[in-house]
Amino acid sequence: MDAMASNFPPLGFEPASGLAWRRLGKGPPLLLLHGFTGNAQAWPAVIVESLSQRYTVWIPDLPGHGESPARRAGIPSDFPGALQRLMMGLDALGIHRPVWVGYSMGGRLALGAAVSHGVRVRALVLESASPGIPDSRERRHRLEEDQQLSRRIRTEGMAAFVDGWLTQPLFQSQSRLAPEVREAERDRRLGNQPEELAEALEAMSTGGQPSFWQDLPGVTLPALLVTGNLDPKFGAIAANMAVSLPEARHLTVAGAGHAVHLEAPNEWLRRILPFLDEIHGHDKTGSLGT
């Protein structure tokens, strides 16, 4: 069972950003950002196909993932550098003010875009995302941990790293997925290149990104925060974010953990499409309102 539709266009490499992109659909632009060890194909077909009936869906391989190298000449290989590359891609591809939908690491990037490039963001959908770590000592400790993990990728190889990564309590709810779905997800993660993924882990570590907690009151964009009830850690983070984000709503999906889009894709759509329709003024039939 592949997560992507068979008619989904092949990857296209955009040289300005140094990122590989996919595009599907027609309508207002919507950007889908995957999580760490994912790629553009990590979004289930039912989600991509449903969104593409109403929106132009753009999905990049984020730096160090899939077909996108971790580095691009002239741009720092760090969290702000990743945001800069995304902005360069939007410019080169003519993508104007999309809704940013991000899962986990992708959600952190989407929130970073809203903080530092708010005029380029129409609205936010943040799934199991975090504004970062407010305490500087905890940030340094997290960065050191991720640097150790990146060394494991280089020394032990992708299979050992991925298998260890998936044993985290954060992903235990995925054990209930069908075996073929779990196998496809593992294979997709193994498709990343070890050196590129190791660099991406160091560059976009939560310990290396700025903390955005203090910036949340200034993010006045509509925001939907999505978490699964089997992921209490990120549920608590989202609840705290909703207090500080002026236009945020927090919804919890029952029976799902950290990767709501993977564990409950139909419920993900059922809960998120009304928010997107509201943002873009769709009527109940799905046609674009005036």
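Trainee: What are the mean pLDDT of the protein and the share of residues that reach 70 or more?
Mentor: The mean is 92, and 93% of the residues reach 70 or more. pLDDT is the predictor's confidence in each residue, from 0 to 100. This is a predicted model, in which local features need pLDDT of at least 70, side-chain atom pairs count only at pLDDT 80 or more, and totals for chains, interfaces and linings use all residues. Residues are numbered from 1 along each chain as its sequence is written, and side-chain values use heavy atoms, with hydrogens and water left out.

Trainee: Where is pLDDT under 50?
Mentor: Residues 1-6 stay under 50, and the model has 18 contacts for them beyond four places in sequence. A contact means heavy atoms within 4.5 Å. Residues 283-290 are also below 50, with 8 contacts in the model beyond near neighbours in sequence. Where pLDDT is low, the predicted coordinates should not be read in detail.

Trainee: Ok, overall build. How many helices and strands?
Mentor: The protein has 10 helices and 8 strands. These are DSSP runs numbered from the N terminus: helices are H or I with at least four residues, strands are E with at least two.

Trainee: And what is the radius of gyration?
Mentor: It is 18 Å, which agrees with the value near 19 Å that a compact globule of 290 residues would have. The radius is taken over C-alpha atoms, and the globule rule is 2.2 Å times the number of residues to the power 0.38. The C-alpha trace spans about 55 × 40 × 40 Å along its principal axes.

Trainee: What share of the residues is buried?
Mentor: Of the 290 residues, 54% count as buried. Buried means under 20% relative accessible area, exposed over 50%, and partly exposed in between, with a 1.4 Å probe and protein chains only. As for contacts between residues at least 6 apart in sequence, 77% join residues at least 24 apart.

Trainee: Switching to aromatics. How many pairs?
Mentor: The structure holds 7 aromatic pairs. Rings of Phe, Tyr and Trp (its six-membered ring) pair if their centres lie within 6.5 Å; planes under 30 degrees apart count as stacked, over 60 as edge-to-face and the rest as tilted. One of the pairs is Phe36 with Trp165, which is edge-to-face because the planes are at 70°, with the ring centres 5.1 Å apart.

Trainee: Where do Phe36 and Trp165 lie?
Mentor: Phe36 is in the loop between strand E3 (29-33) and helix H1 (45-52), and Trp165 is in helix H5 (residues 158-165), so the pair ties together parts 129 residues apart in sequence. Phe36 is buried at 12% relative accessible area, and Trp165 is buried at 13%.

Trainee: Which residues form a cluster with them?
Mentor: Phe36, Phe161, Trp165 and Phe171 form one aromatic cluster. Arg189 lies over the face of Phe171, 5.8 Å from the ring centre. That label requires NZ of Lys or CZ of Arg within 6 Å of the ring centre and within 35 degrees of the ring normal.

Trainee: Salt bridges next. How many turn up?
Mentor: The search of the whole structure finds 13. A salt bridge is a side-chain nitrogen of Lys or Arg within 4 Å of a carboxyl oxygen of Asp or Glu. Among them is Arg54 with Asp277, at 2.3 Å from N to O. Arg54 lies in the loop between H1 and strand E4 (56-60) and Asp277 in helix H10 (residues 265-280), so this pair ties together parts 223 residues apart in sequence.

Trainee: Are those two buried or exposed?
Mentor: Arg54 is partly exposed at 23% relative accessibility, whereas Asp277 is buried at 13%.
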